[in-house]
Amino acid sequence: MQYLVSVIDDTAGLATPDEQAAIDVFNDRLKAEGHWVFAGGLAAPSSATVIDNRGEEAMFTDGPFLESKEYLAGFWIMDAPDLDVALKLAAEGSKACNRKIEVRPFR
Amino acid sequence: MSVADVREGITQAHHEEWARVVASLTRRFGDLDVAEEAAAEAFATAVERWPADGVPPNPGAWLTTTANRKAIDRIRRENKHDNKRKEAQLLYDDDPPEPPSAIDDERLRLIFTCCHPALAMETRVALTLRMVAGLTVPEIARAFLVQETTMGRRITRAKAKIKAARIPYRVPSAEDLPARASGVLAVLFLVFNEGYLATGPDTDPVRHDLTAEAIRLTRLIRALMPQDGEVAGLLALMLLTEARRTARVSASGELVTLDEQDRGAWDAALIAEGHRLVRERLAAGVAPGRYQILAAISAVHTSARDVRATDWSQVVALYDQLVRLDPSPIIALNRAIAVAELDGPEVALAAVDRLEHRLAGYHAYHATRADLLRRLGRSQKSRAAYDKAIELAGNTAETAYLTRRRDQLG
């Protein structure tokens, strides 16, 4: 079972060196214990472009699809047998990156 | 077998077997929704068949077998074109089937799943009442004063989340148990309180089905964690409260306050059991949590021959201890009620008035003020406070009591 573990941020700052170091340790553990699928940090929401090609021609819009105070700053995709395991990992991930986290299952 | 016997048999089977049927089907099919629907269908079949065929010798086995067939029928119907998925679903739980002696374990699994911390508190309560206690959606909606459709959606959404996010169906590991149990206790306490002081103009003032179910489930948790102080504390608190249930509402449906209750009508066996648990916790010598302190307060009240013999300094001391753990205004309000007996209504009123900005919307705040003002002979202010309390109270017996008290003011 895979879970999308999103990092929710409301500050403009990137991870500090200490936070990055803690994230690296956490990632190593995810890999060692077989929970790692993928992870990455994202550039600022203002760097996003929204594309809509449902009509005649593709429309490009500058900026994120949703303007909000809180935004997606990065994510993990984790493999876990059930939500209890996923929540435990996410709690440690939140501690490591020092940010709020959302856990959502893949279908 | 008479019609009455059959009806009694069905009611009893529902009370004793509902959770077991839901639990064993959830284990087998890994799906609460399938389990709930199949259990409901099995009971509906019993209502149809038992009057003609008689109550079977083992109603639980009959219901489980019938529900299993209903569940398999449904899964076959739904997965006609996707047999692989059906197999996967049927194999989701690969533990061997439980022996009948493990019925309590089944129920526990169900409780921990329904009270999972990834679900909102109100959802946990609703789900526990539906899946474990077997209340219908309209009954739960009525108990919590929400629309049936809203309650139905809440339960449906919760079942979908449990399935989609794969909330596990098991009793947590020993290491997680204390934290998870405390979430379960909070749910059971809410269920108990709703039963003890039921809300709604068309509801019985005391819903024995809810208080009894909360006690039964707390006993199960206690069997799982006999050393846990808060589990023992909550069970003691419920027993000592339940012991006073029949004395608490008069024949005319009016609330009878502690000082006016017929103490001879209290249930001596429940009180003895509650006191035993409180003593056991005192002997443990571990700092008590909130349920244990509340139970100790209840034990002081139920130890007194009458209200004058109550050891109020002990009650206030226990409230002081509770305030340190939980500085909520409701605890402070209850402390003030005890202070009135120890230091007089004037001192208590000053303490109560300090809570106004936090409790102005709470009926008990106004009811307490009204009573203190009445005892101080300040009738006009007392009347206004009773008016406000009556306006905010949701329990029929309480409204009747407050109205009489107000109308007796000089």
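This is a predicted model: local features need pLDDT of at least 70, side-chain atom pairs count only at pLDDT 80 or more; totals for chains, interfaces and linings use all residues.
**Exercise 1. Determine how many residues of chain A are in contact with chain B, and which helix of chain A gives the most to that side.**

Solution. Residues are numbered from 1 along each chain as its sequence is written, while chains are lettered from A and ligands numbered from 1 in the order in which they are written. Next, assign the elements, where helices are DSSP runs of H or I with at least four residues, numbered from the N terminus: helix H2 (residues 83-97) of chain A gives the most to this side, with three residues.

**Exercise 2. Describe where domain 1 of chain B touches domain 2 of chain B.**

Solution. Begin with the bounds, which come from an automatic or database domain assignment: domain 1 spans 1-92, domain 2 spans 102-225 and domain 3 spans 227-299 of chain B. The centres of domain 1 and domain 2 of chain B, taken over C-alpha atoms, are separated by 20 Å, and their contact takes 13 residues from domain 1 and twelve residues from domain 2. On the side of domain 1, the elements that give two or more residues are helix H1 (3-29) and helix H2 (32-53) of chain B, and H1(B) provides the largest share, nine residues.

**Exercise 3. List which residues B:Val22 touches, not counting those up to four places away in sequence.**

Solution. With that exclusion applied, B:Val22 touches B:Ala35, B:Glu36, B:Ala39, B:Leu110 and B:Met131.

Methods. Two residues are in contact if their C-beta atoms, placed from the backbone, lie within 7 Å.
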